[in-house]
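User: I have a structure here that I have not looked at before. Can you walk me through it?

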Amino acid sequence: MNPPSSILIAGAGFLGTQLAELLAEAGCHAYTLRRSPTPLQASTAPASTPTRIHPIQADLLEPSTLADLPATIDAVVFAASADRSNPDAYQNTYLSAQSNLAHALLRSGRELQRWIFVSSTRVYGFSDGRWVGESTPPHIRDRLAETLLRAEEFTHALPWPTCVVRSAGIYGPGRNRLLDQCLRQERPLPPPGVYTNRIHRDDCARALLHLLHLPMADLPPTILAADRDPAESRTFLTWIYQQLGRTPPDLGPADRPRGGNKRCRSDLLLQTGFQFHYPSYRDGYPALIQSVLSTPPADS
Ligand SMILES: NC(=O)c1ccc[n+]([C@@H]2O[C@H](COP(=O)([O-])OP(=O)(O)OC[C@H]3O[C@@H](n4cnc5c(N)ncnc54)[C@H](OP(=O)(O)O)[C@@H]3O)[C@@H](O)[C@H]2O)c1
């Protein structure tokens, strides 16, 4: 069977827009669904690709807006993100919205080649910095993670080939909050033994494209998307401060990490044939740092 060629990206934001670009470059059609009337602009798309990117304005929480989805869609990447970090918002976005979309497609009798749900490594709520991988049972320590896990179970129960991608924190062009905080010397160094798991947006989008094109028999039910360098947060932030030419502030100990404390192992992704462009923050951040250093502060 040919790989999917007409992909609905439900929640086309930071990650989904980049995936749409990659799909269009690969000759596929990408349907980018979000509530806002203005689609996000593909940043580096060659002139030929916009004709293969088709924005759809719809609200995944309003089933009536999902009634006329294009008949050609043969795969879904669910990459909508909750607006807020509270249980209701998580329930709405990851469960109700995912369910609304699935039922809209089921009602019209679609045969999808695959359904990929972008979940989060938050389901590993350990606090001791241990290594985790796909075979590690989730450790649920809050209602947000519990909701994500229920959403993953919903995905797996769908009648199409499914894959849950547990993504680490996604960084990339324009997501400058952390760099801006460090520029202002507002980000304290955490104590030793606290780890950060990240993935560059472009690698995460490339991983999704890779999973969409993987032969069906090789598609894992669950896979971690994290770079190869789960570093101590302290080491990572010290490096960022050095690159920015700033010294870390003496603000006392940082807050306990919200997403738990673990080290994500992305061996399975490599075993499926994926190669990282940015295996470490040391590869992915220099261009972003260059960009913030060359941008004048907003008030100048
Ligand atoms: N960012 C991270 O660090 C991170 C870490 C782990 C996992 N993830 C997962 O990765 C995925 C993508 O993250 P991202 O950073 O690309 O998020 P994002 O930039 O916030 O994009 C999500 C998109 O979803 C759309 N959306 C939200 N609710 C919707 C609704 N009811 N109907 C239609 N569209 C809706 C939003 O557009 P509108 O507001 O216009 O609707 C937005 O463009 C999410 O599943 C997220 O949970 C992200």
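The chat below covers the ligand site and then some salt bridges.

Analyst: Keep in mind that this is a predicted model.

User: Ok. Which residues come nearest to the ligand?

Analyst: L15, R35, S36, Y94 and I170 do, out of 24 residues around the ligand.

User: What does the backbone of L15 do there?

Analyst: A polar backbone atom of L15 sits 2.8 Å from an oxygen atom of the ligand. For I170, a backbone N or O atom is also 2.8 Å from a ligand oxygen. The protein buries 84% of the 880 Å² that the ligand exposes when taken alone.

User: Which element gives the largest share of the shell?

Analyst: That is β5, with 3 residues. Elements that each supply at least two residues include α1 (14-25) and β2 (29-34). By class, the shell holds 12 nonpolar, 8 polar and 4 charged residues.

User: New topic. How many salt bridges are in the whole structure?

Analyst: The search finds 8. One of them joins D83 and R35, with the closest N and O atoms 3.2 Å apart. D83 and R35 are 48 residues apart, each in a loop.

User: Is D83 buried or exposed?

Analyst: D83 is exposed, at 52% relative accessible area, while R35 is partly exposed at 46%.

User: And what does D203 pair with?

Analyst: D203 meets R206 in a salt bridge, 2.7 Å from N to O. Both lie in helix α5, 3 residues apart, about one turn of the helix. D203 counts as buried because its relative accessibility is 0%, and the cut-off for buried is under 20%.

Notes
Residues are numbered from 1 along each chain as its sequence is written. This is a predicted model: local features need pLDDT of at least 70, side-chain atom pairs count only at pLDDT 80 or more; totals for chains, interfaces and linings use all residues. Side-chain values use heavy atoms; hydrogens and water are left out. A residue is near a molecule or strand if one of its heavy atoms lies within 4 Å of it. A polar contact is a pair of N or O atoms within 3.5 Å; within protein, one must be able to donate a hydrogen and the other to accept it, and residues adjacent in sequence count only if both atoms are side-chain atoms. Accessible areas come from the Shrake-Rupley method with a 1.4 Å probe; for residues, only the protein chains shown count as cover. Helices (H or I, at least four residues) and strands (E, at least two) are DSSP runs, numbered from the N terminus. Ala, Val, Leu, Ile, Met, Phe, Trp, Tyr, Cys and Pro count as nonpolar, Asp, Glu, Lys and Arg as charged, and the others, Gly among them, as polar. A salt bridge is a side-chain nitrogen of Lys or Arg within 4 Å of a carboxyl oxygen of Asp or Glu. Buried means under 20% relative accessible area, exposed over 50%, partly exposed in between (1.4 Å probe, protein chains only).
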